[in-house]
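Good morning, and thank you for coming. I would ask you to keep the structure in view while I speak.

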Amino acid sequence: MGRADRQGDLFDDVVRFCEDSLPGNSIYGFLARERDRLFPDELFGDLFEASGRRSVPPSVVATVMVLQRLGGLSDREAVDRYAFDVRWRYAAGVGGYGAGWGSFAHTVLVDMRARLRRSTRPDRIFEVGLQAAHAAGLVGRRRVLDSTPLYDAVATMDTITLIRSAVRGLLTAADADLGADLAAELRAGLRSGDDYVGNGKPQIDWDDRAAREELIDSRARDGFAVLALLDGRELVEAVAQAASLLATVLGQDLETGSDGAFRIARRVAKDRVISTVDPDTRHGHKTSARGFDGYKGHAAADPDSEIITATTVTPGNAGDASVAEDLIADLLNDDLDDDLDDDLDDDLDDDLDDDLDDDTAGRDEPEAAEPQLAASPVEPSAGAAQDAERACVYGDNAYGTGSFHDRLGQAGIEDRCKTQTPTAAGGLFSKDRFGINLDAGSITCPGGVTAPIRPVRAGGGTAYFASACPDCPLRAQCTTAASGRTVSVGPYEQTLTDARARQTDPAWTADYRATRPKVERKLGHLVRRHHGGRRARVRGTARVDADFRLLAGAVNLARLAMLGLRGTTQGWAVAA
């Protein structure tokens, strides 16, 4: 591991120029001043060998990675900016061009990301900024949650392209790992005449329906043939993954007709793979009218300081609430620690009471000893005021699921997640017009008819009003179904009912409207154009997740610079 020169040159022209010219709250000045506290070379010591050729100092590389992500630059653009932009050199602590690291290859950034990805602390650049914010008291116990689309970096494929690409990928993996004989056997099983070498579609008359159907059937049979030849064999990981992808592609898009031919199914499979180049990407919907292909970036932020406290990335079809607990893990862990502390305090109190009983046993005036026990003062902790603040979570309708409401309630976290009001198609009576009595296990309709809830194994159940609907004067306002109205309730029905009742409180609404939109502004800041936009820069959920968290860490550091964070002998503090 190479080490940066921490002495510096007081008379360096670059340093003097930047100190005189840059604003005091710029990210360049902040990194120049606090870099050694944030990214000391020792922080990355586990990524390097004990001997060998010395690397570019990791504190320099980390600084370049932060500035690169803020600027939305490629690796080549970033190293060029480092080489020729004096602000970058000032932030990295290398000064002018007479000493220090004048330049390095863009592959150094590729290598650093790979080393971090393989390490036990892959997100340490994000973590150090968040730890500094916590130490300065900038992060409280309130969180606002939201997600934003991240468009994939590959082209969405149609069915024939998916099948041909998956077959080609399996043949390529077989050529590399299965040996010449088995690879030749797989190619001999192909009957369509397609060599699966090129990426382009076969040349046919695409206006001829019969030709299109024959193309789909022949390539599907090729795919099933190579899978049949591999059935029962022990495969290396690369070949097994390629075979699994081919099986997924064949199973999701095809169906067999009455004549036994394979055709494209007239449906969209759940969790459909849309590209063999990036199999993790999915069709997603931010709203019912707005779709996208790619991933979702989820974030939690402190609404007061606008520091991002957690991020994660999922395929585009994942629901926001599915990762909500991951985003507030710090609050959940804090509440667990508080419970453990309370239990410990209770145990200590019990021990003190036992000792007191032992000491005062047989005395005529035992109460006289009590003031002496309470006379020992306890020094309050520095974070006592912050600990007194109750944890609170804000989220839109996507987070207003029964399970998440229930989880927040169990953890003692104040719930500011909005819950969708029930609706019914065509303006008919919605569920909230029915009287639901979970204790009695019954539901009463607007017409006054009560029906029992027939429970289901997963929880909740359904009430059927079929016998009363034909003669009901409100039928036209309630249902158009020939079998009459049914009302289903879920296992968290009471939790959702309570949540809807809470959000009718004007104080609740005012707090929600004043706080939750802050995360939308923060996400807009994250994906704005000069941060690289919404387009993912890499492929695969793990890499997109790491890149999104690095972006969040860089934006956090820029925010800390704006707030005037400084390192002192007592720790981190914000300038008055």
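Predicted model: local features only at pLDDT ≥ 70, side-chain atom pairs only at ≥ 80, totals over all residues.

Strand 7, residues 392–395, is covered on both of its faces. On one side stand Cys-392 and Tyr-394, on the other Val-393 and Gly-395, and all of these are buried.

Which strands pair with strand 7? Strand 1, residues 142–151, is joined to strand 7 by 3 bridges, and these two strands run parallel. Within that pairing, Arg-143 stands opposite Val-393. Strand 8, residues 414–417, also pairs with strand 7 in the parallel sense, over 4 bridges. Here Cys-392 has Glu-414 as its bridge partner.

Strand 10, residues 442–444, is joined to strand 11 by 3 bridges, and Ser-442 stands opposite Pro-452 in strand 11.

A further open sheet of 3 strands has the order 12-13-14, again with antiparallel pairing. Strand 12, at 454–455, and strand 14, at 486–489, each have a single partner strand, so one side of each is left without a neighbour in the sheet. Strand 12 is joined to strand 13, residues 461–464, by 2 bridges, and Pro-455 has Gly-461 as its bridge partner.

Please look next at strand 15, residues 565–568, and strand 16, residues 571–574. They run antiparallel and are joined by 4 bridges. How many residues does the hairpin between strand 15 and strand 16 pass through? The hairpin joins them through 2 residues. The bridge partner of Arg-566 is Ala-573 in strand 16.

I now move to the helices. Helix 8, residues 159–177, packs with helix 11, residues 237–253, at an angle of about 160 degrees, and their axes are 9 Å apart. Are these two helices roughly parallel or roughly antiparallel to each other? An angle over 145 degrees counts as roughly antiparallel, and helix 8 and helix 11 are therefore roughly antiparallel. Their crossing is left-handed. By class, the contact between them has 14 nonpolar, 3 polar and 2 charged residues. Among the residues that meet there are Leu-162, Ile-163, Val-167 and Leu-170 in helix 8, and Val-239, Leu-246, Val-249 and Leu-250 in helix 11.

Finally, I would draw your attention to two backbone angles. Most residues other than glycine have a negative phi. Tyr-196, which is not a glycine, has a positive phi of about 55 degrees. Where is Tyr-196? Its place is in the loop between helix 9, at 180–188, and helix 10, at 209–230. With 3% relative accessibility, Tyr-196 counts as buried.

Glu-306 likewise has a positive phi, near 60 degrees. Glu-306 lies in the loop between strand 5, at 290–301, and strand 6, at 308–315. Is Glu-306 buried or exposed? Buried means under 20% relative accessible area, and because its relative accessibility is 19%, Glu-306 counts as buried.

Thank you for your attention.

How values were computed: Residues numbered from 1 in each chain as written. Heavy atoms only, no water. Axes fitted to C-alpha atoms, helices over the stretch in contact; angles between N-to-C directions. Parallel < 35°, antiparallel > 145°, perpendicular 65-115°, else oblique. Left-handed = near helix turned anticlockwise from the far one by under 90°. Contact = heavy atoms within 4.5 Å. Nonpolar A, V, L, I, M, F, W, Y, C, P; charged D, E, K, R; others polar. Pairing = 2+ DSSP bridges. Buried < 20%, exposed > 50% of the residue type's maximum accessible area, 1.4 Å probe, protein only.
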